[in-house]
Amino acid sequence: MQITIANIKNLIGDDFMYKKGSKKYKMNHPENSVGQAGTSPQTKNLTASLEENISLFKNIFKDDQTLVTREFQNKCVKEAKCCIVYISGMINTEVVNENIIQPVLRDNLSEDIDVKNLLEALMKKVIVSNNVKIETDINKMVSSIISGDTLFILEGYDKCLVIGSQGWEKRSIMEPESSKVVRGPREGFTESLMVNLSLIRRKIQNPDLKFKFREMGERTHTSTCICYVEGLAIEEVLTELEQRLNKIKIDGILDSGYIQELIKDAPYSPFETVGAFERPDVVASKLLEGRVALFVDGSPFVLTVPFLGVENFQASEDYYNNYIFANINRLIRGFTAVTSTTIPAIFLALVTYHQEMLPTPLLISISSSRQGVPFPTSLSLFIMLFIFDILREVGTRMPGPVGQAVNIVGTLVLGQAAVQAKLVSAPVIIVTALTGITTLINMNIIGSTIVFRTFYLLGASFLGIYGVLMCIIVMYLHMMSIRSFGIPYMMNSTRAKNHDGQDAWIRAPWWDMTLRPKIYSKDLTRQVSNKKNGKNK
Amino acid sequence: MKKFKRVVMSIIIFINLLFTAGCWNYRELDDLAIVAGAAIDKGADGQYTITTEIVEVDGSNDTKSTSKLVSMRGKTILDAIRNGISVTGKKLYWSHCKVAILSKEVAEEGVTTVLDIFIRDAEIRNVVNILYSQQDTAREILEGQQTTESIKSFALDKILKNETRLSKAPKTDLLDFSIELQTKGTSTVIPAVHLEDVKGSMIPRVAGAAIMKNDKMVGELGEEETKDLLFVRNEVKGGVLVRDKEVGLSAPISLEIFGNKTKVKPVVESGKLKFKVEIDATVGIDEIEGNENFIDDNAVKRLEASTSKETQKNVEELIKKIQSEYGTDIFKFGEKLREKDINKWKSVSDKWEEVFRNSEVDVDARVHVKNSALLYKTLKKGG
């Protein structure tokens, strides 16, 4: 079972990863340069005077009335004249009141306090907090205040204490709306980075799980975290990800979607080559397959790379259900992905170019429903599909209470009435409905589905089945040509060799999946074969 | 530069693909006049009259479709068909044409001249059934009354599809026809259709066959004769054998054919060609009108023997009749000989008609009674 990375490289030869000087793997996303973004660096430093220091901070946060300064003094030790600086709303008031102000203010400090080195003594003996450090750099102080820490400034010192006191309102952990399951864990990521990391940490309790923080966004200073399992993740992917992240110079990152698009391999492709998942169990399983995850603060969607085409059809539930049932569901997903793009095009090609391919009774019934319809079939298909997409978009954006109205308009007016008024023929409505339903099954590739469906329909309206086939070939050429972090996008779906195809179009039973996918994990052994465990009993 | 060349080449190839392929004609369904079937007549002036049955689809919710007949005249078939545009205004769409009915004059004159366009044209499919009209004109068949289907051509197509359960007419479509026409030594038969007067309404009925010699019609076969022919051709899959007084019964009984296997074995005996026809049919007693008991082994054996003898006699008579009257090999004996002994076939194929006329045929029919359905004795009053 000792398959080294060098072996894998030999196995797939030139296709593997990034070769130096090769144009193929050059980052081709546009260079981002953000004018003069970022916080303007502070030149003044703290002085020994408390008053000057306070006014320094007030000056930095000029016109920002959320900055709070609170001065106080210990009743016994007069030297302990101090001030805390924080931003209201970002701190946990209880922590600040009970663990910082109260001990310093009330307690009798004189007994065992070293007045000469008061700041350190306060840190070590008085302030009750798990996260305190002495800070001298004014810029770091400012960013600490912004991120919710409390500054503790003492008279006579040109340095201060940074006390961790972050605390703001968070959304609790809920079941993700985007991917619900019947069987499996119900928790989903939240907007808080630390909560998300803890969700992963709880699933993989192993020191090999590494977290590398980095700050992104010149103005927003969004914290992100690269997460991987050491010994599984391939270094090339990791370094490539870091390199691509280094190149991002954008003013703000409000969701992982920004990064997803900025580090994409094929920037003009409708297919995603970076995965985004809302479920901790999914991300944990990706990490265990040797992928690298990127957490972004403020986004419940965690990115994973490399991302291959088949992952669009893998639901977390597949791995928790009986493998036969899981395979049925996966086949349905794959089948509907094909039908949702091709049904309207094939229908159009059959009724306008290849009428001989329709069975006679079907031909007559379609023909009779077309009598008196003024628009050509191609146009009415385009219109109806467009209307369906409008309805879908309305369905996602509309406020809950108006849902009824949309339903009535959508089904009654556009469907029933349009047929009765002879604006479109009934088969067109049926085809539209079928396409719509099958599109909604694969919500994560809905963008590419709509693009290619329109593309096929255009092909069908100009060239019939021939045109559809040409468009399908173009799509496959495109899918075969793109890569995700050096790994061919269609890798697992075209290679059935060894264990690579076990979790692609089908999901093999767990007792058979003894190896990890070869291509993006370093250590291949997933489990020691235990096929016989159940059988011999 | 090399890459540029490659890109340009692939673009050129791609564009060429677009223009060299077919499927250019975008047509909406409602612009098509769907032809369900056609009847071809030839007038005294040498002009063809083609009557097409066109499916009339109305837009109402009522799914029942009707048909109308459109007749066109022209010097050739295509001429007549194209003249149809001046009548219908729509282009006739032939891909769903199911039957082509030929009149007696057309069939006697030679079928290939008429069917050439049907086989040659890309739009018309090979599954079109050829029918021979026993009426004065072919058009009359399409003018007949409708029964189950509202479109008569589709009804005829259905009849021919289910004809295997009846075995009273062969089924010959364009593909069979063109194959059999081009095979040396084999002659084809075309199912015959006539109008039957059922309580005043004239209903098309498919029964019997027209015997073809090359592509010309030379004679007709009756229903029972056709069944015997199909026995020899090994095309019987079902049907009913009615046995009556001729086999010594007091009342008729019906035997349903469950299956049949006929083997034709060409034998060369002292230079003379001989064909052994072995018919092996399995039947069941499905109807007994009298009250004879057939549960008795002897009775069944008697019935089997008499039925076998009767079948054998009929087939022998038919073969003799064809040999002497027409000399056209509709039994596909020549094909069997070619399969069995290619050298012998090569030596006789040039004068096959003569050889066929003179070859000896030995018929051996065996009918097995399998069961008597749900009853094991006859229904008797108070019995």
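## Helix pair in chain A

In this predicted model, helix α6 (residues 193-203) of chain A packs on helix α9 (residues 280-288) of chain A at an angle of about 60°, and their axes lie 9 Å apart. Helices are DSSP runs of H or I with at least four residues, strands are E runs with at least two, and both are numbered from the N terminus. Axes are lines fitted to C-alpha atoms, for helices over the stretch in contact; angles run from 0 to 180 degrees between N-to-C directions. α6(A) is therefore oblique to α9(A) (under 35 degrees is roughly parallel, over 145 roughly antiparallel, 65 to 115 roughly perpendicular, the rest oblique).

From α6(A), Leu199(A), Ile200(A) and Lys203(A) make the contact; from α9(A), Pro280(A), Asp281(A), Val283(A) and Ala284(A) do. Contact requires C-beta atoms, placed from the backbone, within 7 Å.

## Sheet in chain B

Four strands of chain B form an open, mixed sheet in the order β10-β11-β12-β13. Pairing requires at least two DSSP bridges between two strands. β10 (240-243) and β13 (360-369) of chain B are the edge strands, each with a single partner, so one side of each has no neighbour in the sheet. Neighbouring strands are turned by 35° against each other on average, direction ignored.

β10(B) pairs with β11 (residues 253-269) of chain B in the antiparallel sense over four bridges. Val240(B) has Glu256(B) as its bridge partner in β11(B). Helix α11 (residues 333-340) of chain B packs on the sheet and touches β11 and β12 (272-288) of chain B; its direction makes about 55° with that of β11(B).

## Basis

Residues are numbered from 1 along each chain as its sequence is written, while chains are lettered from A and ligands numbered from 1 in the order written. In this predicted model, local features need pLDDT of at least 70 and side-chain atom pairs count only at pLDDT 80 or more, whereas totals for chains, interfaces and linings use all residues.

Notes: Contact = placed C-beta atoms within 7 Å.
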